[in-house]
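Reader: Please take one part of this model and go through it closely, with the cut-offs behind each term. I would like the sheet, its strand pairings and the helices that go with it.

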Amino acid sequence: MDPRVLLDASWTVPPVPASGSGVAWLRSRVARFSEGPDHERRRAIVTRALAGVDPAVLRRPGDPVAVLAEALGVPRAVTGDVAAVARCHQPHVPVEPGADEAVARLVAAFGGVWDEETANRIGLLVQACGATRAAIAGAVPPVPVTRRVAPGGEVVEVDLAGAEFGVGRHACPGREHAVALVEGARLFHRLHDDLLVLPNAWDFASAAAFARAGFPAVGTTSLGVAAAHGLPDAAGVAREETLALARLLVRLPVPVSVDVEAGFGGDVRGLAAELHGLGVAGVNVEDGRGDRLADPAGHAAVVRAFKEAAPGLFVNARVDAHWLGVDPGSTVDRARRYVDAGADGVFAPGLRDERGIAELVAAVPVPVNVLAEGDVGRLRELGVRRVSTGSLPFRAALGAAVRTALAVRDGGRGPDDVPGYAEVRGLVGG
């Protein structure tokens with residue numbers, strides 16, 4: 001069906017019966033599924049709500065629904081309920097179990113009033129859910145079809161392939177906002193178009209210092225985070241500490257990538273969704289399991305789970321073969337498997353040989369990441385697109401702290417190039 005019919009007033013949206021609660025209530029109150037005066041009145045509500053949101057504030061990493069929710073004045077944590085409703089928002093789709101309860105919670109989050117104002121503000125989040133995530137994943141168009149009632153009375157599907165974004169009488173009133181959400185979600189990905197040098201922090205102050213120094217993004221070091229809390233690295237026991245740090249780091253004005261070891265076991269989908277909902281831009285997830293390597297098929301499933309739960313998250317699949325000195329010849333095969341599972345990048349710590357680096361770069365269609373163990377200029381020439389400092393800054397800080405304390409004990413003085421008290425307070429807004 002030619003999408004130009006969307007401009008014809010004789011082709012209308014399918015009617016939705018009135019209802020007093022749940023998904024059916026939402027369908028019957030939003031501009032999306034209405035015509036005539038009802039549509040004009042409800043669209044005006046949407047337009048007013050969007051007018052109060054500067055698109056610039058939406059250009060932030062993380063789950064686009066969470067970003068938009070925060071801008072609309074509701075908790076970022078509504079993303080789960082929005083997703084539940086979005087899956088069955090269309091009138092021709094059966095209502096899923098739990099979706100009506102999700103609508104009730106969303107109404108409560110927006111102030112508790114079951115009226116058109118609330119319905120259309122919720123509708124903004126619901127409509128942003130699938131469309132922006134599809135756009136982030138590269139789908140063109142992000143909404144492939146829509147439904148209309150033809151002049152003869154039959155309901156038909158209109159193929160939107162090749163149509164302009166938001167075409168028709170019901171044109172999207174938030175095009176600029178949608179574009180901003182997608183740009184924010186893709187910001188960290190775009191940093192890999194050139195060589196990204198990523199410093200790895202272990203607490204808020206170190207991350208803030210890196211951001212203030214001009215680094216365009218900041219990562220975390222699992223060793224630093226675990227050791228700072230008296231925990232062993234790569235043992236899967238620092239999940240809560242990692243999440244707590246992530247909640248702090250998303251306050252920074254730069255994208256944040258979090259090292260999640262092997263996923264900390266358990267519900268990796270929940271972990272991915274929670275991190276992305278907080279505003280985290282990326283994760284490192286490693287295939288090392290202590291002193292051995294994971295089965296590559298099993299680890300590919302972990303990578304796939306992260307991407308399916310949070311499609312906009314930059315998943316950097318870490319191949320630990322060189323790091324552990326276990327079957328380094330499997331690096332390329334493992335990398336390919338993880339890319340096939342959806343990985344956005346491949347990280348090979350311990351890979352230092354130029355020939356091996358070049359081979360890996362040539363073997364995968366995604367950015368390759370190595371540790372800062374060689375000349376950055378040469379790594380760029382080899383095609384590397386990300387260089388991580390790993391735990392080096394954390395270990396360097398420990399060494400400097402001990403040397404400083406020893407110097408004071410022995411009658412000397414500390415180094416002259418340390419940040420001042422006021423400067424450190426300034427990192428946290430003090």
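Author: Nine strands form an open sheet in the order S3-S13-S12-S11-S10-S7-S6-S5-S4, with parallel pairing. Two strands count as paired if DSSP finds at least two bridges between them; helices (H or I, at least four residues) and strands (E, at least two) are DSSP runs, numbered from the N terminus. The edge strands are S3 (196–198) and S4 (200–201), each of which pairs on one side only.

The model is predicted: local features need pLDDT of at least 70 and side-chain atom pairs count only at pLDDT 80 or more, while totals for chains, interfaces and linings use all residues. Residues are numbered from 1 along each chain as its sequence is written, and side-chain values use heavy atoms, with hydrogens and water left out.

Strand S5 (residues 218–220) and strand S6 (residues 256–259) pair in the parallel sense over two bridges. Valine 218 has valine 256 in S6 as its bridge partner. S6 is in turn joined to S7 by three bridges, and these two strands run parallel. Here serine 257 is bridged to glycine 282 in S7. From S6 the chain crosses through H11 to S7, and this β-α-β crossover is right-handed (with the strands pointing away from the viewer, the path from the first strand over the helix to the second runs clockwise).

In S7, five of five residues are buried, where buried means under 20% relative accessible area, exposed over 50% and partly exposed in between, with a 1.4 Å probe and protein chains only. Gly282, Asn284 and Glu286 lie on one side of S7, Val283 and Val285 on the other, and both faces are covered. In a regular strand the side chains alternate between the two faces of the sheet. Five bridges join S7 to S10, and the two run parallel. One of the bridge pairs is valine 283 with valine 315 in S10.

Helix H11 (residues 268–278) and H12 have axes that come within 8 Å and cross at roughly 40°; axes are lines fitted to C-alpha atoms, for helices over the stretch in contact, and angles run from 0 to 180 degrees between N-to-C directions. H11 and H12 are therefore oblique to each other, since angles under 35 degrees count as roughly parallel, over 145 as roughly antiparallel, 65 to 115 as roughly perpendicular and the rest as oblique. In H11, the residues Val268, Arg269, Leu271, Ala272 and Ala273 meet Val302, Ala305, Phe306, Glu308 and Ala309 in H12, contact being heavy atoms within 4.5 Å.

Phenylalanine 347 stands opposite asparagine 369 in S12. Together, S11, helix H15 (residues 354–363) and S12 make a right-handed β-α-β unit. In S12 (residues 368–371), Val368 and Val370 point one way, Asn369 and Leu371 point the other way, and all are buried.

S12 also pairs with strand S13 (residues 386–388), in the parallel sense over three bridges. Leucine 371 has serine 388 in S13 as its bridge partner. The chain goes from S12 through helix H16 (residues 376–381) to S13, in a β-α-β crossover that is right-handed.
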